[in-house]
Amino acid sequence: KRETDKAVELLEKARDLAPRKAEILSDLGAAYLEKSRAPQMIGTPARARVLNDALENFDRALEIAPDLPEARFNRAYSLQEAGDPAAAVRAWREYL
């Protein structure tokens, strides 16, 4: 398994144990984001699903801890990577 897949697996377990821990949700989102950047994911429907998983975790993290900078940054970057420039610009402005 790739290191990213292992990270996702471990962070999913951590999330299941502490579903209201914003830092874990943010880290899980970051692991999904990194997974979406793998060369074999580029241009595939699976990439869109993985980016959506990342965004869901960033959104949950921000519901719990609205000022968590890592989640704000990675959410904006994920929207940019997902090809949603209008949402990405809004998210970058929220981060800055």
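Tutor: Happy to! Let's begin with R37, which forms a salt bridge with E34, their closest N and O atoms being 3.6 Å apart. A salt bridge here is a side-chain nitrogen of Lys or Arg within 4 Å of a carboxyl oxygen of Asp or Glu. Side chains of opposite charge can pair when their charged atoms come close. R37 is partly exposed, with a relative accessible area of 40%, and E34 is partly exposed at 41%. In these terms, buried means under 20% relative accessible area, exposed means over 50%, and partly exposed lies in between (1.4 Å probe, protein chains only).

Before going on, a word on the source: this is a predicted model, in which local features need pLDDT of at least 70 and side-chain atom pairs count only at pLDDT 80 or more, while totals for chains, interfaces and linings use all residues. Residues are numbered from 1 along each chain as its sequence is written, and side-chain values use heavy atoms, with hydrogens and water left out.

By the salt-bridge rule the count comes to 9. Another of these pairs is D16 with R15, where the closest N and O atoms are 3.2 Å apart; D16 is exposed, at 55% relative accessibility. The side chains of R75 and D59 also meet in a salt bridge, at 2.6 Å from N to O. R75 lies in helix α4 and D59 in helix α3, so this pair ties together parts that are 16 residues apart in sequence. Helices are DSSP runs (H or I, at least four residues), numbered from the N terminus. Both partners are partly exposed: R75 has a relative accessible area of 21%, and D59 has 31%.

The expected span is 1.5 Å times one less than the number of residues. Within α3, R47, V50, L51, A54, L55, N57, F58, A61 and L62 are buried. They cover an arc of only 165 degrees around the axis, which puts them on the same side of α3; the arc is that of the directions from the helix axis to the C-beta atoms. An α-helix has 3.6 residues a turn, so residues three or four places apart point the same way. On the other side of α3, P45, R49 and E63 are exposed. The buried residues of α3 pack against α1 (3–17), α2 (22–36) and α4, where contact means heavy atoms within 4.5 Å.

Now for the partner helix, α4. The 13 residues of α4 should span 18 Å, and its end C-alpha atoms are 18 Å apart, which agrees. Here A71, N74, A76, S78 and L79 are buried, and what covers the buried residues of α4 includes α2, α3 and α5 (85–95). After α4 comes G83, whose phi is positive, near 80 degrees.

R72 also lies in α4 and is partly exposed at 21% relative accessibility. Leaving out residues up to four places away in sequence, R72 touches L62, P66, E94 and Y95. R72 and L62 are 10 residues apart in sequence and 7.5 Å apart in space, C-alpha to C-alpha.

Note on methods. Helix = DSSP H or I, 4+ residues; strand = E, 2+ residues; numbered from the N terminus.
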